[in-house]
Structure formats: C-alpha cells, structure tokens
Amino acid sequence: MAHVLDKRLLFVTGKGGVGKSTVAAALGLLAARRGKRVILCELAQQERASRVFRDEGIGFEETELASGLAGISIDPQRAMEEYLRTQVGSRALFRLLFENRIFQYFTAAAPGVREIVSIGKVWELAQLERPWTKKSSRYDLVVVDAPATGHGLGILRAPRTMRDIARVGPIRRQADRIDTFIRDSRQTGIVTVALPEEMPVTETIEFRVRLLDEMKMAVDAFVINGLYPERFSGKEARAMTSAEATSGSDGSLARPAMRAALAEHHRARTQRSQVRRLRKEVDGAVTLPYLFEPELGLAEVERLSHELERRL
Amino acid sequence: MSPATSNVADVLAGKSICVCAGAGGVGKTTVAAAIAAGMAARGKRVVVVTIDPARRLATSLGIPDLGNEERLVEPQRLEAAGLAPNGELWAMMLDPKRTFDELVERRAPDAATRDAVLSNRIYQELSNAVAGSQEYMAMEKLYELHEEGGYDLLVLDTPPSRNALDFLDAPERLARFIDSRSLQFFLAPGRRGLRILGRGTGVLFGVLKRVTGIDLLADLSDFFQSFGDMAEGFTERANRVNQLLTSRAATFLLVTSPQSESMEEAELFRSRLLDDGMPFGGAVVNRVHDLGLAADGDAKAGGDAGEHADLERELAGALGDSLAAKVVRNFEDYRALATHDRASVERLRDRLGRGESLILVPYLDEDVHDLAGLAAVGEHLFPA
C-alpha cells in the first residue's frame, strides 16, 4: 500500500474534541517538510487548523500558512458560486440564477447541497488541472480537517447520494467523478483520530465498519492522540498510596502532589486498556503523546508532526 | 481566589425546559444526563432526550436502542449509584428519521399525500441527512413532549456538531427549504407560475435545467407539490417552537471545555441567544484541571521552583529520591494545566459578566459512562 502521505487527498476525522485539527495540521506540516506542496482544508468555517499558523482568518482564499503549506476554509456558498459559474457560462444568466432569493434559500438548505459543494471543492483542489478555477497552483496533497465521524461520513457519502438523486445529467456526471476519486484508495486516504478513551475509541471502531459497509472504503491510518506517559510503575503507585495515607501536614503540597501522581497513574493505565481495545480491532494504530500544554501552538504541532513521521 | 460556583438547581428553578448546547466532545450528553438525574433526585419528574450517548451510558440508563419513546430509568439502578430519585427519571434516545416521518404522518391531510411524501426521494434524503434534520427534529421532539405535559422538566442534549450555533441555525435552514416551495413555480413552468413570475422565469428554468438535469428538477417539483399545504404547518410549528424557546419556561446551558476556542464560542453563543431573545442560563465548564489546592496555593502561577524543591525533599523521606523527583515533575505539569484552566475560567467569568452562572466540573479520574459517573458529575453540578 502506498504511504498515506503519497495520496492526493486525506480526510482526517474522529469524534468531536479529539484533536482532529491538530493532527490534520501536523500531517500537513509533515508532508510539506517532505517537499510536497500541501493545502490544508477546513470545513464548517471553524478555521481551527489554520489558527495554529496565523491568528487572522483565512477564508475562502488559498493562503500560504508555512513553507510548502497553504490553507483554505471552505465556504459552501462560495464553492457553489464557483461551480455554477463554470456550468452556466454566461455571466448574466449566472447572476439571474444566483441572485434569486428563493434560489438562495433553496440551495442553503436543500439536503446535501452544502456537503456536495464542499466535497466538490476539496476534489477540485486535488486535481492537477483545476476545473473550477483558473488557478495554476497545483497541490500534491490536500489534507481535510473533516467534520466529526457522523457528519464526516455524510460528507464522504454526499457524492453518492447526489448521484442517486440526479440519475442523469450534468450533476450526475460531476457527482460520479468525485465519488470515483474519493473511493479510489490510490488517490484518497482516511485518517481517524481518537483519544484513548471509551467513547472516541468506540466511535472509531464503528466508523471503520460503517465506512466499509456504506462506502466500501478502508481507514488508512488510526491515530490515538493524547496518550499520557507511563511515569509510574505499579510498585511505585502502591508506595504512594500507602505514603499518601500517612503523610502531609495541613497546607503541605505532599498530599495533593501524590494524589495528582496517583490520578495520572490511573489515567495512564485506563488509557492503555483503551489503546489495547482499539488494537484488538485494527492493525497499526499509532499513538501521539499528551503534551502538557494547555493550548497547542505551532511548536507543539511541529513536535507532533515529528512524532507522526516516526510512527506512520 | 476560588470563584464561587452556581448550583444547577438554582439555575433551573421555575424552568421546565433545559437545552444543553456546546461543541462536540465537551461532554454535553454526560452533563445533560447528570442534570436530569440530579433534578430527579430533587423530586422532579424529568425526561432527558439524548442524541448520541455512549453505549454504556445508554445501557445504564436502560435505553439500549434508538427509540422515540421515553423509558423510566429503574429507581433501583439510580439508588445503587447514589442517585435515589425522589421524583422520576425518564430517558429517550432520539430517532430523527422517525420523528420526521411521524410528523409527516400527523400533518398529511390524507393517506395518499402521506405516502407520496414518505416515498419521495428528496424527502428521504432530507429526513436521513445527518446535518440539519437532527437539530430540527430535536426541537420538534422537545415541543411535542412539552405539549403533552407530564414532565416537570425536559432536558435536551443537542446533536454533535463542531459549533454550538449550528443547533440554532439548522432548523431555520430546514424550515426555509421546506418553505421555498414557491420554487416549484420555476420547477414546473407552464403552470400558473410562469404567468405570475413573468418572462425571466422561463430563462431561469432553462439555466436550472442545464445545470442540474431534468430528472432532479422533476423530483424536486414532486416533492414540493406533495408537501403542498403541509409546508405551512411546518413553518407555523417552527414559529411555535421558537416561541417556546424564547419563553420564560426555557433556559439554555452552554457546556464548554476550558480551552480558549471553546470559551470564545461560549461567548458567541451567549450573544447569539440574546439576539434571538432566548434565555441564557449559564455555562458549565467541564473537565477543569483542579488540584484541590487552597486558594493561595493555586494563585502562585504554577508554583515556584523553591516550593517544589522543598516538596521534593519532603517526599523523598517516604518515597525515595527518584520517585519523589518524578512525583514533583508530574505535579508541575498538572499545576500548569490547573493554572491555565483557572485563568481561562476567570476570563470567561469576566466576559460573560459577573451576574451569569458558571458551574465548574473538574477533570475526573474516570471516564464518565455509567450512573456512578453521572453521580460524580452531579456532585459538582449540584454542590451541597
């Protein structure tokens, strides 16, 4: 199998709050360091991944974030505008359609439209000849900071859904092209991110099954994020447990310090049982360490990109 | 200074609806369930509507499957977890697709219309779509349960999304779509639509046909036709849900983590609620690192080197040098997190204004996925 970074399009998904944006940014950095021209794509107008690189928003413009790494935040409305422009041809007709209020309401809410144009834009970015834009910028790799697993699957499925709805005609042909690209494992890869906790691991396992059932696609890499170090052995934990009971005068930090150590030991062990649980189900899950930094900045993401380089 | 925290029971006094909103992964479902259990312990008849609970939590609540019926959580289970209910705790897991179907069944003027809508492909996509209809149907279920009466308090967990605001936006988008039935004039030209809308319409239809293909247009036209007058009912219903959520009976609680991006969102969410005339009840900050130190112990940002050297000497007696050093190193790490989280919470308090309720739930040693876990969270939501 080709290395995950040698694909043209990568979707990074997982349960909410597990660090998808961080992992997507780290993957982007890693690929850029290897000399690839990369674009980091954000959906749902959150701009979390690009914030690591710059404070200002990036919007729907392809913006340089770091050497070899660009970013874009996909606005479904703008993506649709771009697509329709290429389809309609005439500027006057385009405006007649696009500026119609009912049409706007309709497209803002019609089932699957936001999803299909978002994934359509992602697909467009991954093409060597960019069909929707006259841009010459070509990317070797598009990394998508995708929505959480449930919605993430919805996005991947959007082209199939649209294909089935449209049956024939230009939309059907477009949807077909996107669907074929996404389901081609040489072109497109899926990366799941989980924390070593019960719910995120369960969601990863379920996502893998649904992806296979519904899309006939496999997950290319499983990332377990935020793994605590194993600082203390079982023997040390026992020593602390007995010392904690007897030690510490009022106001001393000894007791809270040992309590923190025992809590850490307990969490590290619980986490490892979740790692084992995932590894029983899937091959080759890689772990990333928990970084004791309250907010992750560029330095931390760089560190994680090196960790990924060693493990992927 | 240790900030005073509020009690959820005070926030919910006189309320019959509590909506728990927040970004994905912050622990909304857990907090919603713990609030419901806590209020049941305080004598209320409560129902919690969950969207996507962890299996073990669902199992321990006794709702292993998707089902649109509320089920009573057995009092013995609650007692065993230290949550003895003086009232009743009911729980259900929302099935958005079924809720939508039931709504159509109720609203359809006759069986033929009902079947036409339920079998329409556009409708099926609409009702199956994860994004949008979940939010709409959660609101719908809430309204339905409220109308039926029978509960003192409804607690609603909201669908998982990155953005808490989605919950407020999605239903409106859907209502607009259903209400964009005037589009059928474009979709089916040649009927009276053309006459009303004038000549531009024919051109517009031509463009649409070219862009989408004729099949899709025909399906859309069918959808809007069979939906017909029901659309009005939907819009009216959406208005009533809106009235309910802006009434005094309702309150919104925002669940957030102590990370800055969630905090910023909390603020945005609050001003959006206020703009929409919806009541903001307060914020629950979940998973706050808290070492339980005396107030002045935490105030020294992250502790200082001298203090930690003293601590290491003190611990070395009982634990030996190398373990003592590791314990101190670990303590420093956690203290940095605790200091950050405390500052974050203070910032949120300043931004929200001192008058708003803020409830802190510490980062617990165990993942929460059963009734015992809910009881542990409840101790912080309902401090004695």
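Are Arg335(B) and Glu307(B) buried or exposed? Arg335(B) is buried, and so is Glu307(B), where buried means under 20% relative accessible area, exposed over 50%, and partly exposed in between (1.4 Å probe, protein chains only).

This is a predicted model, in which local features need pLDDT of at least 70 and side-chain atom pairs count only at pLDDT 80 or more, while totals for chains, interfaces and linings use all residues. Residues are numbered from 1 along each chain as its sequence is written, chains are lettered from A and ligands numbered from 1 in the order in which they are written, and side-chain values use heavy atoms, with hydrogens and water left out.

## Salt bridges

Over all chains, the structure holds 47 salt bridges, each defined as a side-chain nitrogen of Lys or Arg within 4 Å of a carboxyl oxygen of Asp or Glu. Side chains of opposite charge can pair when their charged atoms come close.

| Arg231(A) | Asp333(B) | 2.8 Å |

Because Arg335(B) lies in helix α18 (residues 321-352) of chain B and Glu307(B) in helix α17 (residues 305-319) of chain B, the pair ties together parts that are 28 residues apart in sequence. Helices (H or I, at least four residues) and strands (E, at least two) are DSSP runs, numbered from the N terminus.

Glu82(A) is buried, with a relative accessible area of 15%, and Lys121(A) is buried at 1%.

Arg157(A) counts as partly exposed at 23% relative accessibility, as does Glu214(A) at 28%.

## Interface of chain A and chain B

The contact (heavy atoms within 4.5 Å) takes 68 residues from chain A and 72 residues from chain B. The two chains bury about 6,400 Å² between them, 60% of it on carbon and sulfur atoms; buried area is the accessible area (1.4 Å probe) that two parts lose on being put together, summed over both.

Between chain A and chain B the count is five salt bridges. Arg231(A) forms a salt bridge with Asp333(B) across the two chains. On the side of chain A that touches chain B, the largest share, 11 residues, comes from helix α10 (residues 254-281) of chain A.

## Chain B

Chain B has 19 helices and eight strands. Of its 384 residues, 57% are buried. Residues 24 or more positions apart account for 78% of the contacts in chain B with a separation of 6 or more. Chain B exposes about 15,500 Å², of which carbon and sulfur atoms supply 48%; accessible areas come from the Shrake-Rupley method with a 1.4 Å probe, and for residues only the protein chains shown count as cover.
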